[in-house]
Amino acid sequence: MKLNRLFFFILLTLIFEISSSQSRKIINIPNIPGYQTLKCDFHMHTIFSDGTVWPTVRVNEAWEEGLDAIAISDHIEYRPHSKNVTGNHNTSFEIAEPLSKEKNIILIRAAEITRDMPPGHLNALFIRNANLLDREDVNDAIKEAHDQGAFILWNHPGWKVQQPDSTVWWDEHTYLLKNRMLHGIEVYNSNEFYPEALDWALEKKLTMFANTDAHGPIKTGEGHRPMTIVFSKSRTAGGIREALFSKRTISYFGNTLVGESTLLDQIFFASLEYQNTPLKLENEVTKTISIKNNSDIDYELELVQPGVGFDAPTEIKLPSHRIVSFELTGNSDEVNLMKNLNIYYKVKNLVVGVDENLIVTFSIQNI
Ligand SMILES: [Zn+2]
Ligand SMILES: [Zn+2]
């Protein structure tokens, strides 16, 4: 009987251990020269504002989904559970912080200043004390965040509840921008893309964000949540802060990446491995090129300009974690003399402006 009991105890322990195991997704988006590529979500809520989850849930979700950093940004002005949930504006951070350290998830102290339009909703990141942002006048709240060294971004600028007819940039935003109290903007929030925000980000030099603004539990299954890719000098909160103020971000949602062309170009080529020995293509000869895509991104290419003296495919798909082969065929004697074969493709899922895609140049050694 004693042995049976021991066996039963061991069995129970094993079941408990199995049921409490967690697994972490690996997101394959390469580093670029000089920077680490960090996967971040800077906008989410907990039960301490109008969310439905306990703060530690946000840390566990981030760990499971392969993120490096999150900001819990509970509303300052809107706390519908406050009758049942006590605590102040710093409580969600304080509850989540020990687990974030244990899980090695960078937790950024943040809050959402939540006002009517204008100026609408603003996330203040890297604040020191969220309680001091609880001010009657919105300008006092923003100034306080600014004085605490915050990075401030405009959330969901095209949210229909606040901008029902058209997505407008208000004088208040010009004022904030001029006084260096507005540094970034969400071009994507939850499941909405705002083309106007992309235009403004480029024109007014604002850092681009894609965030979940999650209120309930995050369930992405095999996919990934919308996220902000940050190119940071180090995997630290300080590194992320410097990168955000330096505008080194890309917005990643679905299979689309939105950002400045120099960053997207670096991500694209860092994802791929291809021919680095001379191809020796000649007139009326066909050679095969293989490209390996090591990233999670499926690249979709469309030929914009054929190379001199040879034909290349008009469309190429480079699925994630696959090697794709395609043919180049010489069509004139000119190709025999080309040192490099340059092919220009538009990448349909890399967006650099409204209705504008990244153009990449494959340069293949020939002789
Ligand atoms: Zn909001
Ligand atoms: Zn929010």
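Tutor: In this predicted model, helices and strands are DSSP runs, a strand having at least two residues, and they are numbered from the N terminus.

Student: In which strand is Ser 290 found?

Tutor: The strand in question covers residues 286-293. Ser 290 belongs to that run, which is strand S13.

Student: Is Ser 290 buried, partly exposed or exposed?

Tutor: Buried means under 20% relative accessible area and exposed means over 50%, with partly exposed in between. Ser 290 has 33% relative accessibility, and therefore it counts as partly exposed.

Student: With which side chain does the side chain of Ser 290 make a polar contact?

Tutor: Leaving aside neighbours within four places in sequence, the residues in contact with Ser 290 include Glu 273, Tyr 274, Gln 275 and Ser 325. A polar contact of 3.0 Å joins the side chain of Ser 290 to the side chain of Ser 325.

Student: How far apart are the C-alpha atoms of Ser 290 and Gly 238?

Tutor: Along the chain, Ser 290 and Gly 238 are 52 residues apart.

Student: Which element gives the most residues to the lining of the largest cavity?

Tutor: The search of the whole structure finds two cavities of 30 Å³ or more, and the largest has a volume of about 90 Å³. Of the 15 residues lining the largest cavity, those closest to its centre are Ile 72, Asp 74, His 89, Ser 92 and Ala 110. Helix H3 (91-103) and strand S3 (106-114) are the elements that give two or more residues to this lining. The element that gives the most, with three residues, is S3.

Student: How many nonpolar, polar and charged residues does the lining of the second largest cavity have?

Tutor: The second largest cavity holds about 60 Å³ of space, and its lining includes Ala 201, Leu 202, Lys 247 and Glu 260. Helix H6 (195-204) and strand S8 (207-211) each supply at least two of the lining residues. By class, the lining of the second largest cavity comprises five nonpolar, two polar and two charged residues.

How values were computed:
Residues are numbered from 1 along each chain as its sequence is written. Chains are lettered from A and ligands numbered from 1 in the order in which they are written. This is a predicted model: local features need pLDDT of at least 70, side-chain atom pairs count only at pLDDT 80 or more; totals for chains, interfaces and linings use all residues. Side-chain values use heavy atoms; hydrogens and water are left out. On a 1 Å grid over the protein atoms alone, a cavity is a set of points where a 1.4 Å probe fits but cannot get out, and a pocket is an open set with protein on both sides within 12 Å along at least five of seven lines; lining residues have an atom within 4 Å of a point. Grid points are joined across faces, edges and corners, and a volume is the space filled by probe spheres set on the points. Helices (H or I, at least four residues) and strands (E, at least two) are DSSP runs, numbered from the N terminus. Ala, Val, Leu, Ile, Met, Phe, Trp, Tyr, Cys and Pro count as nonpolar, Asp, Glu, Lys and Arg as charged, and the others, Gly among them, as polar. Buried means under 20% relative accessible area, exposed over 50%, partly exposed in between (1.4 Å probe, protein chains only). Contact means heavy atoms within 4.5 Å. A polar contact is a pair of N or O atoms within 3.5 Å; within protein, one must be able to donate a hydrogen and the other to accept it, and residues adjacent in sequence count only if both atoms are side-chain atoms.
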